[in-house]
Amino acid sequence: MLLTLPYSFSQLGMASGIALQLFYGLMGSWTACLISVLYVEYRTRKERDKVDFRGHVIQWFEVLDGLLGTHWRNAGLFFNCTFLLFGSVIQLIACASNIYYVNDHLDKRTWTYIFGACCATTVFIPSFHNYRIWSFLGLGMTTYTAWYLAIAALINGQVEGV
């Protein structure tokens with residue numbers, strides 16, 4: 001939602017952009033609520049069967065497998081892997097495009113390689129707990145960027161002829 005905020009404002013105008021962002025937020029909240037209910041249902045069923053979850057983080061594909069069966073688990077894994085692959089490529093290209101506007105001494109492709117190399121180093125992070133630090137840092141930077149662009153759009157207004 002944060003990544004689409006400036007784009008929605010620029011393409012739809014301020015009122016429509018705000019309405020669309022609110023719709024995105026409601027749909028995201030509804031989806032999170034549904035996922036939480038499914039997690040609770042799965043864990044409750046497993047705890048009745050005396051499964052111990054200490055030291056285990058329940059994954060989404062486990063929930064799909066436990067509640068809907070193997071075919072849904074496989075579909076969920078395929079969707080997640082595809083989404084992560086294309087999402088990471090899009091994010092690298094977006095980072096390179098943004099930094100190109102700040103420093104155009106290198107072309108966008110070179111900036112993509114640089115960001116790709118930096119992001120690839122995260123495979124050396126030893127545990128999920130350490131990865132959370134990077135996730136929160138990324139979330140904070142994305143939030144800052146989105147709000148900066150939204151406030152700048154409010155202050156500066158629309159450019160003539162755009």
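Predicted model: local features only at pLDDT ≥ 70, side-chain atom pairs only at ≥ 80, totals over all residues.

Student: Okay, which residues form the nonpolar patch on the surface?
Tutor: The patch is made of Met14, Ile18, Leu22, Trp147, Ile151, Leu154 and Ile155. Together these residues have about 730 Å² of accessible area.

Student: And which helix gives the most to that patch?
Tutor: That would be α6, with four residues. Both α2 (14–48) and α6 (128–156) supply at least two residues each.

Student: Take Ile155: is it buried or exposed?
Tutor: Ile155 sits in helix α6. Ile155 is exposed because its relative accessibility is 67%, and the cut-off for exposed is over 50%.

Student: Switching to α2, how does its span agree with what 35 residues should give?
Tutor: At 1.5 Å a residue, α2 should span 51 Å. The C-alpha atoms at its ends are 51 Å apart, so the two values agree.

Student: Which residues are buried in α2?
Tutor: Gly17, Gln21 and Tyr42 are buried there.

Student: What about Lys50, what is its phi like?
Tutor: Lys50 follows α2, and its phi is positive, near 65°.

Student: New topic, rings. How many aromatic pairs are there?
Tutor: The count comes to three aromatic pairs. One of them is Tyr39 with Trp60, whose ring centres are 6.0 Å apart.

Student: How accessible are Tyr39 and Trp60?
Tutor: Tyr39 is partly exposed, with a relative accessible area of 25%. Trp60 also counts as partly exposed, at 24% relative accessibility.

Student: Why is the pair of Phe79 and Phe83 called stacked?
Tutor: Their planes are at 15°, so the pair counts as stacked, the cut-off being under 30 degrees. The ring centres of Phe79 and Phe83 lie 6.1 Å apart.

Student: And where are Phe79 and Phe83?
Tutor: Both lie in helix α4 (residues 70–102), four residues apart, which is about one turn of the helix. An α-helix has 3.6 residues a turn, so residues three or four places apart point the same way.

Student: Last one: are Phe79 and Phe83 buried or exposed?
Tutor: Phe79 and Phe83 are both exposed.

Definitions and conventions. Residues numbered from 1 in each chain as written. Heavy atoms only, no water. Patch = residues over 30% accessible without salt bridge, like charges linked within 9 Å, V, L, I, M, F, W, Y side chains within 5 Å. Areas by Shrake-Rupley, 256 points an atom, 1.4 Å probe, with all protein chains shown as cover. Salt bridge = Lys/Arg side-chain N within 4 Å of Asp/Glu carboxyl O. Buried < 20%, exposed > 50% of the residue type's maximum accessible area, 1.4 Å probe, protein only. Expected span 1.5 Å × (residues − 1). Phe/Tyr/Trp six-rings, centres within 6.5 Å; stacked < 30°, edge-to-face > 60°.
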